[in-house]
Amino acid sequence: MADTADCASYLEINASHLRHNLSIFRTMTSGRLGVVLKANAYGHGLVEVLKVVHSEVDIIFVISPVDAQKIRSEEVRLGLSRKRVLVIGAVSLDEAIELSLNDVEVTIGDLGWLSNLTKAKSPLKGKKIVSHVHIDTGLSREGFLPERIPSQLSFLKTFNDVFEIRGAFSHFANTEDVTEQAYALEQLASFERGISQLNQLLAPEHNLERHFAASAASLVLPPARYDILRVGISLYGLWPSAETKLSAKIVLGEPPKLKPVLTWKVGSQIIKQVPAGTFVGYGCTHRCEQDSTIAVFPVGYFDGYPRLLSSRSHVLIRGRRCPVIGRVMMNHIVVDVSGLGLVDLATPLLAVLMGSDGKESVSAEQLGTWASTINYEIVARLGEHLERRVVE
Ligand SMILES: *Cc1c(COP(=O)(O)O)cnc(C)c1O
């Protein structure tokens, strides 16, 4: 048996691929390049990704205030200057004040703070809450409908000693699932209405920073690029969808070559030979048809390897596909390695669960398809406990 410390699964984060993907988006804007590091940097590791991209981007977007404060403390630890950070998720007024004291920008996306605003000024110690207004143009998530802006946001004028309105943004509902952008164009028109309402409300002094495009719109809908891009999934080298890749071919001629950043590896815990007829795993859903060599790997759905991959996926060992047999368990999978020929039962095998090995690869998209979901969910659910190793 291998030492468990040797065989625990881990993620390799390819720094040069991160920089390569960033360079693609740099060419798509004359404005600012922003990256989305929410959900533990889409499972890639907030701190690990931050270190690589910090010097290359203009602004960082996160959902939670905790992540924003983590970025600030990492900057101190690493001796880096403060990068612009915007929290796009909902925060309480107390959190907004705390964030403002650390020069983090926040989003006004609902009326949650309204009743408490008179209490905000003194704890701000002379600072303002630097804010971006979220306009709901058709996703029906956060944000204000354009026609409600004059009435619902009039408090921004009343409390202009509390707020500095720096920008306004929106988020697309349907850029990824289609190759025509009819709904997105309606959303763009709605955004323009919202911006003009906001400008009238805040007149005369305002020059709002506008942002709208996530990865898909950055790639395939140039009018949506505005002043800042908010690149999430494609920073990590993944396409938002097959349709987006197809659209990119049409819009850009040649789709850019995004490079997947993450490789998930695991060493085997046990290798053994079993006779024909042996059952494998819970529920006895797999039975070996012939004498087989099987390998047990210490990775399971706790780590983010979906149970829906049971008897469906394969892993790569020595550049070859080896099937996962039986059910994915909480902390284990079993792989049929008979196809590798003779293996030394005492020497652990290294498997690639996601990523490339020689000519073969298992993409996040492929795992998503097998598990009836999308690449976003596959990477976002990678366990926070997994070791992340940055490689060049
Ligand atoms: C997640 C998110 C993004 C990034 O989306 P991708 O499709 O991953 O690029 C951008 N903007 C908002 C508001 C988001 O929630």
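## The ligand and its surroundings

In this predicted model, a polar side-chain atom of Tyr-42 lies 2.5 Å from an oxygen atom of the ligand, and a polar side-chain atom of Ser-215 is likewise placed 2.5 Å from a ligand oxygen atom. On the side of Arg-230, an N or O atom of the side chain is 2.9 Å from a nitrogen atom of the ligand. Of the 390 Å² of accessible area that the ligand has on its own, the protein covers 95%.

The residues that surround the ligand include Val-36, Lys-38, Ile-88, Arg-141, His-171 and Tyr-376, together with Tyr-42, Ser-215 and Arg-230.

## Aromatic pairs

The structure holds eight aromatic pairs. One of them joins Phe-155 and Phe-163, whose ring centres are 5.9 Å apart and whose planes meet at 70°, so this pair counts as edge-to-face, for which the angle must be over 60 degrees. Phe-155 is buried, with a relative accessible area of 9%, and Phe-163 is buried as well, with a value of 4%.

Phe-191 and Phe-212 form a tilted pair, with 4.8 Å from centre to centre and 55° between the planes. This pair links distant parts of the chain, 21 residues apart, since Phe-191 belongs to helix H9 (residues 182-202), whereas Phe-212 sits in the loop between strand E8 (209-211) and helix H10 (215-220).

## A charge over a ring

Arg-389 lies over the face of Tyr-10, at 3.6 Å from the centre of the ring.

Methods. Residues are numbered from 1 along each chain as its sequence is written. This is a predicted model: local features need pLDDT of at least 70, side-chain atom pairs count only at pLDDT 80 or more; totals for chains, interfaces and linings use all residues. Side-chain values use heavy atoms; hydrogens and water are left out. Rings of Phe, Tyr and Trp (its six-membered ring) pair if their centres lie within 6.5 Å; planes under 30 degrees apart count as stacked, over 60 as edge-to-face and the rest as tilted. Buried means under 20% relative accessible area, exposed over 50%, partly exposed in between (1.4 Å probe, protein chains only). Helices (H or I, at least four residues) and strands (E, at least two) are DSSP runs, numbered from the N terminus. A charge sits over a ring if NZ of Lys or CZ of Arg is within 6 Å of the ring centre and within 35 degrees of the ring normal. A residue is near a molecule or strand if one of its heavy atoms lies within 4 Å of it. A polar contact is a pair of N or O atoms within 3.5 Å; within protein, one must be able to donate a hydrogen and the other to accept it, and residues adjacent in sequence count only if both atoms are side-chain atoms. Accessible areas come from the Shrake-Rupley method with a 1.4 Å probe; for residues, only the protein chains shown count as cover.
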